[in-house]
Amino acid sequence: MSKKAEKLKQMEQALAASRAAQSIKPVAGTIGKTQYISFKGSRNFRERIVCSLLSTKPIRIDDIRTTSDQPGLKDYEISFLRLVDKITNGTELQINHTGGGLKFKPGIITGGSVLDIIHDCPTTRSIGYFIEPLLRLGPFAKNPLTVVFQGVTNDDHDLSVDLIRTVSIPLLKKFGMEEDIEIKVRKRGAAPGGGGEVLFKCPITKRMNPIQLLDEGKIKRVRGLAYTTRCSPQIANRLVESAKSILNKFIPDVFIYTDAFKGKNSGNSPGFALSLLAESTTGCLLSAELCGSQSSLPEEMGKHVAGLLCQEISGGGVVDSAHQSLMLLMMALCPEDVSKIRLGKLTPYTIECLRLYREFFGVTFKIVAEPETKTVLLSCKGIGYQNLSRKTLA
């Protein structure tokens, strides 16, 4: 090859390399040396933070309620970020001056003891809003987690501490947690005044075990709790009788406990609530609940909650709609084996969570609809997530 031809070839190669370099675009969300996963809006706020901590991937959230009359982060979201700061070490958080955007760099989940962590929750959301993320984070902490929460114990936005104790914790045990998570209601606190107090204890584990939850079984019994604070205990009895008038048409084994809180253990506001739990012959748990207001009639509310429970049962699945995302996240974190679960109709929240799990952990669920049973079969291969920060790996 002549020198002229060789020189021409080198020029062509340099030109091609230059064009290739110009075609390379910056990675979305890259700021400085830190590569962020970018999101917009306030949807699935807690789940984004939880996935960021578990995957150790920084995130950036912009345009938080920019079209709302009250833009930016809400008080309960800021309170949740403060709780995350209490149970982690090395977490970095930057919120812009309008509150409409933030950057979050996750640290290590260290856990903590009751002497260190007492969290005062705003009354705009219940204590369940803050406990739900800890059910996902606590088992993978460096030390056992103990937190005392103060605020509203029950509302209609989030899972109550009663259903977390009777449904969420038993579901987590199906993944092989050796020790029990403990929730103790020291004081009840109804909205809007709050005044409740809840002790939350979560042990640590090395890993979760894969599950195969496919058989729904038949409902064998229904249990529940009706409570009152700073109002007549007779309201709880009226809730029980109205709920049983619906449920006894389908199943005879229905027992609902009543609990009346008075004095210093009854919080700052009057209120009442009813939570119901249906258990199947295969150990599946389905639940429903509602909180009453001053304009609520106990008879109507009891029948309404019973109807909600019947809807969860008729919808199919081994868990209710409120616990779909919890089960799917734990399946994604399981060892590198296949987990399967049968669910009812997927909620919009669950669908968003599936997208998050694919973004953070690279886990894609196989979804098979079964029109005969009106259920959905989901399966995935876990990523083999292990709690490497715990002190004892025995």
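**Figure 1. Overview of the chain.** How many helices and strands make up the secondary structure of the chain? The chain comes to nine helices and 20 strands. Helices (H or I, at least four residues) and strands (E, at least two) are DSSP runs, numbered from the N terminus. This is a predicted model, in which local features need pLDDT of at least 70 and side-chain atom pairs count only at pLDDT 80 or more, while totals for chains, interfaces and linings use all residues. Residues are numbered from 1 along each chain as its sequence is written, and side-chain values use heavy atoms, with hydrogens and water left out. Of the 394 residues in the chain, 51% are buried. Buried means under 20% relative accessible area, exposed over 50%, and partly exposed in between (1.4 Å probe, protein chains only). Among contacts with a separation of 6 or more, 73% link residues 24 or more positions apart. A contact means heavy atoms within 4.5 Å.

**Figure 2. Confidence along the chain.** pLDDT is the predictor's confidence in each residue, from 0 to 100. The chain averages 89, and 90% of the residues score at least 70. Which element has the lowest mean pLDDT? It is strand β1 (residues 30–31), with a mean of 44. Helix α8 (residues 324–333) has the highest, at 97. Over residues 14–32, pLDDT stays under 50. For that stretch the model has ten contacts beyond four places in sequence.

**Figure 3. The sheet β15-β14-β16-β17.** This open sheet has four strands with mixed pairing. Two strands pair if DSSP finds at least two bridges between them. The edge strands are β15 (254–261) and β17 (285–291), each pairing on one side only. From one strand to the next, the twist averages 15°. Axes here are lines fitted to C-alpha atoms, for helices over the stretch in contact, and angles run from 0 to 180 degrees between N-to-C directions. Strands β14 and β15 run parallel, joined by eight bridges. Helix α5 (residues 161–173) lies across β14, β16 (271–280) and β17. Helix α5 runs at about 165° to β17.

Figure 4. Thr229 is found in strand β14 (residues 219–229). Is Thr229 buried or exposed? Its relative accessible area is 0%, so Thr229 is buried. Not counting residues up to four places away in sequence, Thr229 touches Arg188, Ala190, Phe261, Ser266, Ser269, Pro270 and Gly271. A polar atom of the Thr229 side chain lies 3.3 Å from the backbone oxygen of Ser269.

**Figure 5. The sheet β3-β4-β7-β6.** This is an open sheet of four strands, again with mixed pairing. β3 (37–40) and β6 (92–95) stand at the edges, each with a single partner strand, so one side of each has no neighbour in the sheet. Neighbouring strands are turned by 15° against each other on average, direction ignored. Strand β4 (residues 59–62) pairs with β7 (residues 102–105) in the antiparallel sense, over three bridges. Arg60 has Lys103 as its bridge partner in β7. Helix α9 (residues 348–361) packs on this sheet and touches β3 and β4. Its direction makes about 160° with that of β3.

**Figure 6. Strand β10 and its parallel partner.** Six of the seven residues of β10 (residues 145–151) are buried, so the strand is largely enclosed by the rest of the structure. Strand β9 (residues 118–120) pairs with β10 in the parallel sense over three bridges. His119 has Phe149 as its bridge partner in β10.

**Figure 7. Backbone exceptions in the loops.** Most residues other than glycine have a negative phi, and most peptide bonds are trans. Thr56 has a positive phi, near 60°. Thr56 lies in the loop between α2 (45–55) and β4 and is exposed, at 56% relative accessibility. Asp63 also has a positive phi, about 55°. Asp63 is in the loop between β4 and α3 (75–87) and is partly exposed, at 38%. The peptide bond from Ala191 to Pro192 is cis, with omega near 5°. Pro192 sits in the loop between β11 (182–187) and β12 (196–202).

**Figure 8. Cysteines without disulfides.** The structure holds zero disulfides (pairs of cysteine sulfur atoms within 2.5 Å). For Cys380, the nearest cysteine sulfur is that of Cys334, 7.3 Å away. Cys380 is buried, at 4% relative accessibility.

Notes. Polar contact = N/O pair within 3.5 Å; in protein donor to acceptor, adjacent residues only side chain to side chain.
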